[in-house]
Amino acid sequence: MTYTYIGKDRRRIEDPRLLVGRGGYIADLRLPGMLHAAILRSPVPHAWIRSIDATEALKLPGVVAVFTGEDCKEKINPCMSFGPATITQYPMAVDKVRYVGEAVAAVVAESRYLAEDGVDLLEVDYEELPPVTDPMAAMEPDCVLLHEEHGSNIGYERTFEFGDVNAAFAGADLIVEDTLRWGRSAGMPMETTGAVAQPGFNGVLEIYCNSLNFSYFVFLIAATLRIPSNKLTLKPVPAGGSFGSKLAAHKVPALAGFLALQVGRPVSYIEDRIDHLMNSDHHGCDRTYEARMGFRADGTIVGLDIDVVDDYGAYMQFGVGHHGNAFSQVVGPYRFRDVKYRLRAVVTNKCQQGAYRGFGSEVHNWVLERLVDQGATRLGLAPEEIRRRNFIQPDQFPYKIPGGNLYDSGDYPAVLDKALSMIDLDSWRAEKKRLREEEGRHIGIGLATTQERSVFSATEFWFLVEKPAFPLTSSPESATVTIDPTGQFQLLLHCQSMWGNSPETVGATVLAEEFGIPPESVNVRYADSAHALPGTGPGGSRYTAMVAGAIRGASRKLQKKLLHIAAHRLELAPEDLELVDARVQVRGAPETGLTIAELAGTAYFFALSLPEGMTSGLEESYTYDHPYTTPPAPDGSDLGVFYPIMGHACHIAVLEVDPDTGMPSFLDYVAVHDAGTIVNPRSLGGHVTGGATQGIGTTLYEELAYDEDGQFQSLTFRDYLIPTASEAPVFRIGHVQTPSPFTEYGIKGGGEGGRMVAPAAVSAAIDDALREYGMRVRRLPVKPATIVATVQAGRAAEG
Amino acid sequence: MTTSTAAKYGTARRAVTVRVNGRHVTREVSTRTTLADFLRDELDLVSVHVGCEHGECGCCTVLFDGLSVRSCLMLAVQADGHAVETVESLSANPAELHPIQEAFAEEQGLQCGFCTPAMLLRTKEIIDAGREMTDAEVRHEISGILCRCTGYQNIVNAVQSAGAKLRGPTAGGRD
């Protein structure tokens, strides 16, 4: 299928305003009489709050008020949560603090400077408790509890088995096993999360926020604030990046709303970088795996046995949805049918986990690919060969995987072949050998694949839980298309969707395709929650596929109306007409027709020229539900279809490691992605390079670290190392397009795959470079000190 | 309030005159006001984005007497008598972009736009220096500004494209 506008490199509609510095970010918003909040954060990981003395702070001129967790407890309800009901949190700590950085008190003042002065003057008396930092120790029966009401530090524990892993392993020729450790990182956008709340017209609380995309979650914020949901309007504000960190980041708008209601004036609360690092509520996964994989001698994978402990931090806002993501692609692109997965989700005195590009599936992919690589090495197979032998084949789709999810379509051999066609691995392997022998240099080649699940269904947030409190199944997206009286197009999006992705360009491109109008002519707007139709927003690489479905649905309704108006005016049957290039014309006689502008004039101003029963105007809305989701079985024997729009990627990294400093440097990097039909190749390429660079950060540099006493070690960007332009490799990008049979236009998501596969490819390349020293990357981030120590130990062993 | 308290809580004020984007402005500011907050809050130049407030992310980069500085690490009073340029000095009109902004649009050297004004100003500084650079040199030159969206590749392309346009059609430079 070829399209006029879809699939072409296109400048972004979003960019001109961003290029002149008018992005409209939350910190740019000023409301008359606006106050500013600053937060006192806990310096201790675990303690009872005995008292908070605000006397001196309140004496400071410019300080308006101080609020604490006690005020929250009295005046509002706990935060929204998909976790256990016995693990509750408030926007500020109530009774006890559970991690360094948790909010203890808020100072509201005439300026941010004065609010921070006020914070300095607060006196808190803590009664410290032993910190719980090691998730293994946290599970011991005598360990001090974080949540007394929950009765245990294990938030959730369950073992799933699909097939029979013991039987599969009994027939294996080789079983590899490993202990694998994935450290905490986070989306860490350059803009933090923020909200401005103001008591508005008719007693409606208005919250401007760069988060909380879920317009159908607004009522949960209202519930926290104890106000009727029709008295809360969330106003979407473009965000300066998210990568997960602004996905339903509910505490910031709830806190701003609470403060505004208390003082009766607009209040701005914008995280500073320290707030965000220690308390973003969206730290990424923090897991330790005992993992085994069985193989036959020819490299065929026979089964996977996972025992994972996930250090969730102090709260569990999204339950264990991160592992639902792992289940969506639990076998990767491979054919094996037997999987066992034991999950223990543990609470500790750290910031809670949230979302980060992959939402837990990226960790699973790294584990899977680490095991496949170990199997390949021990069986003497090249990494591309062992994968090729195990791929699900193109004629096997749609393919139901163990656990219940479905892969809609794919061509994994084609993606691998495309990647191999872009790089001469034989030459690199010869060069690697030559450089080692002649120059003593250490070159490594890593090849890895990933599934890229996209277009989530809401069941992923609860289906692992036996008795979910709120087992929602909807995750719709809506669009409203308006043709104004002069024939100009307005597109209204029903969520907060501008996070650095391209909702306006995507929307305008799809609308252009539907009507034959220039994409640049479309004006795109965002509905606030008071006007919004059901919308779920970006996340889980769903937005492009879902909004395209919504826009196409609305377009078809409008096209029908245009055809009927034209048919009435031309005294023809609608079936005799067609819409071509913004004009309704007679089939077979294209010289006879009416432009959209002419028809729009009729629709708005000449009611007596409309067909009988038709009303004036040209506006249609459409709500597009998830294209393919099924409910999970109550007993957990089948999790249902919940993430079926399945992309795929293959990355090949070539790097050199300096064995004496442990520093890797990239020599080549090939990234091939299949995201179905591509709307804008250059934008998808940007997601690939950006995502892969984040994946490299996760692998080599980034760590949100806590010491054993629970003190947070990553308070600045000097500690939390984001790759700069000097660390990022030069990527060579290839695309394969296997359209989805389930979505409009065959679009699949493509926002996360780069980060989901880069850690596996880079880990493999480091292993390959230093294999002679026994290097195996088993813990991320893999820091230079680890590499140097391994090399030195390897050299010592050689004597 | 006593003098010492005034100093501690920043109520001491001083007049500053700064040439901002070619225009002299005089304001009385608190002595503790950062240059970034002065530009944003006093002059409504909200293109100056504050990303970390500790001098690491570079998103608040402005040109100070033609050289890039992190405006979160300077005080407004330090700018007294100096010239500051923000991205509005290139173009503040989305319909009439400067060639550097145009190159970033064409190459998609941005996604969320938060680091973009800083990257554009740094690009201007690099190009104004007049020397053609390899891609690796460009990467080194922009590595003081963090971008979390792009992986930098399209930014490097945009810097090179803008440089080629503004310097004219001379050969070489790319690696």
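The C-alpha centres of domain 1 and domain 2 of chain B lie 24 Å apart in this predicted model. Domain 1 of chain B covers residues 3-86, and domain 2 of chain B covers residues 99-167. Where they meet, 17 residues of domain 1 of chain B are in contact with 12 residues of domain 2 of chain B.

The area buried between domain 1 of chain B and domain 2 of chain B is about 1100 Å², and carbon and sulfur atoms give 61% of that area. Of what domain 1 of chain B buries against domain 2 of chain B, 38% is supplied by B:His49, B:Cys59 and B:Leu63, more than by any other three residues.

Polar interactions also cross this interface. Four residue pairs, both members at pLDDT 80 or more, are in polar contact between domain 1 of chain B and domain 2 of chain B. On the side of domain 1 of chain B that touches domain 2 of chain B, strand S3 (61-64) and strand S4 (67-70) of chain B each supply at least two residues. The count of salt bridges between the two domains of chain B is one. B:Lys124 and B:Glu85 meet through their side chains in a salt bridge, at 3.8 Å from N to O.

In chain A, helix H13 spans residues 412-421, and its buried residues are A:Tyr412, A:Pro413, A:Val415, A:Leu416 and A:Ala419. Seen down the axis of H13(A), these buried residues fall within an arc of 160 degrees, so they line one face of the helix. Their cover includes helix H12 (383-390) and strands S17 (406-407), S18 (443-454), S26 (645-657), S27 (664-674) and S28 (732-736) of chain A. At the start of H13(A), a side-chain oxygen of A:Asp411 comes to within 3.2 Å of the backbone nitrogen of A:Ala414.

Terms used:
Residues are numbered from 1 along each chain as its sequence is written. Chains are lettered from A and ligands numbered from 1 in the order in which they are written. This is a predicted model: local features need pLDDT of at least 70, side-chain atom pairs count only at pLDDT 80 or more; totals for chains, interfaces and linings use all residues. Side-chain values use heavy atoms; hydrogens and water are left out. Buried means under 20% relative accessible area, exposed over 50%, partly exposed in between (1.4 Å probe, protein chains only). Helices (H or I, at least four residues) and strands (E, at least two) are DSSP runs, numbered from the N terminus. The arc is that of the directions from the helix axis to the C-beta atoms. Contact means heavy atoms within 4.5 Å. A polar contact is a pair of N or O atoms within 3.5 Å; within protein, one must be able to donate a hydrogen and the other to accept it, and residues adjacent in sequence count only if both atoms are side-chain atoms. Domain bounds come from an automatic or database domain assignment. Buried area is the accessible area (1.4 Å probe) that two parts lose on being put together, summed over both. A salt bridge is a side-chain nitrogen of Lys or Arg within 4 Å of a carboxyl oxygen of Asp or Glu.
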